[in-house]
Amino acid sequence: CWLWWGFMLVVSIGNVVLLVVSQRRRPKPGLMQPDWERTLMHIAAIVFTTVCAYRALLPRIDVTRTCWFSSPLNWILFGRLAAQVAEVCWATQMGLLLRRLGICLAGRDLASNRVCLRA
């Protein structure tokens, strides 16, 4: 059990590091994606990564109410609310990705009338 928990922590730390690196390497504004879309995508990524790290740090099994650590942060209510917010953020990211893919497959970027397939 502790080996698996340690592995989850290492993966969560790696995800947070990748998130910070991706935030620092943001592409130039307006190149392929409107600013509002890029900002919403990054906010959703921050929330999703944070909730995943929180749930990896304080694991529990909700149905049997088994918790590894006794803490108010480990209450089922907080865990389920955090999971719901993270799932909505993930769905938002997938929706934005599919929207951008649809615009690019149509051959033109609606915001700037540029072709999306260039590097």
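A: Let's begin with one term: two residues are in contact when they have heavy atoms within 4.5 Å. Keep in mind that this is a predicted model. Among the chain's contacts between residues at least 6 apart in sequence, 54% join residues at least 24 apart.

Q: What pattern does the chain follow along the sequence?

A: To read that, go through the helices and strands in order. Here you'll find 3 helices and 2 strands, and the order is α-α-β-β-α.

Q: Which residues of α1 are buried?

A: Buried means under 20% relative accessible area. In α1, that goes for W5, S12 and L19. As for their partner, the buried residues of α1 pack against α2 (35–57). For the whole chain, 26% of the 119 residues are buried.

Q: Is R100 buried or exposed?

A: Compare its value with that cut-off: the relative accessible area of R100 is 10%, so R100 counts as buried. You'll find R100 in helix α3, residues 76–105.

Q: Which side chain does R100 join in a polar contact?

A: Look for a pair of N or O atoms within 3.5 Å. The side chain of R100 makes a polar contact of 3.0 Å with the side chain of E37.

Notes. Residues are numbered from 1 along each chain as its sequence is written. This is a predicted model: local features need pLDDT of at least 70, side-chain atom pairs count only at pLDDT 80 or more; totals for chains, interfaces and linings use all residues. Side-chain values use heavy atoms; hydrogens and water are left out. Helices (H or I, at least four residues) and strands (E, at least two) are DSSP runs, numbered from the N terminus. Buried means under 20% relative accessible area, exposed over 50%, partly exposed in between (1.4 Å probe, protein chains only). A polar contact is a pair of N or O atoms within 3.5 Å; within protein, one must be able to donate a hydrogen and the other to accept it, and residues adjacent in sequence count only if both atoms are side-chain atoms.
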